[in-house]
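Welcome! Here is a friendly briefing on how some side chains are arranged in one protein. Have a look at the sequence and the model, then follow the topics below.

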Amino acid sequence: SLTTAPELPATTLADDCYREMFHGCTSLTTAPELPATTLADDCYNGMFWNCTNLTTAPELPATTLANACYREMFHGCTSLTTAPELPATTLADDCYYEMFQGCYSLNYIKCLATDISATDCTYNWVDGVAETGTFVKEADTSWTIGISGIPEGWISKDIGTIDGTIDF
């Protein structure tokens, strides 16, 4: 029955610290702010798993990721339409593993990663998202099409070419 999440002001996290914290909180509609810029292994793993009424994702300001830090974070968040901007340029092992799996309303992702070579960093991360949507990326990044890359059926746009305007 949780509808409002508590404030989570930590800026430096420890391994597993928020793991599955709100798992199954189906009445939660808005996520708390997550200001942490120093992440740890599995820190947000499954944090909002099956929060089916979550419509707003928190900003994720960290640019240096840890192993499995966002693994399954929004898995099953069926009301989520827009992913938080993902500013990290280098991904870590398992960091986005199944991150948006089962988010069938999700139709917009902006991911600034240029190094997606880490082990399973995007494994099944968009399995079960909306059939159409927009994926915004850095121009020099070579993504595959499918559930571990850019969702099939989505439009891919490079930063700087969105609607003919410069995107900052």
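A disulfide is a pair of cysteine sulfur atoms within 2.5 Å. This is a predicted model, in which local features need pLDDT of at least 70 and side-chain atom pairs count only at pLDDT 80 or more, while totals for chains, interfaces and linings use all residues. Residues are numbered from 1 along each chain as its sequence is written, and side-chain values use heavy atoms, with hydrogens and water left out.

**Cysteines**

- By this rule, the model has zero disulfides.
- Cys69 is in no disulfide, since the nearest cysteine sulfur, that of Cys95, is 5.4 Å away.
- The sulfur of Cys103 has its closest cysteine sulfur in Cys77, and at 5.1 Å that is too far for a bond.
- Cys69 counts as buried, with 0% relative accessibility; buried means under 20% relative accessible area, exposed over 50%, and partly exposed in between (1.4 Å probe, protein chains only).
- Cys103 is buried too, with a relative accessible area of 0%.

**The nonpolar core**

- A nonpolar core is a set of buried Ala, Val, Leu, Ile, Met, Phe, Trp, Tyr and Cys residues joined through side-chain atoms within 4.5 Å.
- The largest nonpolar core has 52 residues, and Phe48 and Phe74 touch the most other members.
- Beyond its neighbours within four places in sequence, Phe74 is in contact (heavy atoms within 4.5 Å) with residues including Phe48, Leu54, Met99, Phe100 and Cys103.

**Aromatic rings**

- Rings of Phe, Tyr and Trp (its six-membered ring) pair if their centres lie within 6.5 Å; planes under 30 degrees apart count as stacked, over 60 as edge-to-face and the rest as tilted.
- The whole structure holds twelve aromatic pairs.
- How are the rings of Phe22 and Phe48 placed? Their centres are 5.6 Å apart and their planes are at 10°, so this pair is stacked.
- Phe22 and Phe48 both lie in the segment before strand S1 (108-111), and their pair ties together parts that are 26 residues apart in sequence.
- Phe22 is buried at 3% relative accessible area, and Phe48 is buried at 0%.
- Ring pairs link a cluster, with Phe22, Phe48, Phe74 and Trp143 among its members.

**A buried lysine**

- Lys137 lies in strand S2 (residues 134-137); strands (E, at least two residues) are DSSP runs, numbered from the N terminus.
- Lys137 is buried, with a relative accessible area of 9%.
- The side chains of Lys137 and Asp158 are joined by a polar contact of 2.7 Å. A polar contact is a pair of N or O atoms within 3.5 Å; within protein, one must be able to donate a hydrogen and the other to accept it, and residues adjacent in sequence count only if both atoms are side-chain atoms.

How values were computed:
Helices (H or I, at least four residues) and strands (E, at least two) are DSSP runs, numbered from the N terminus.
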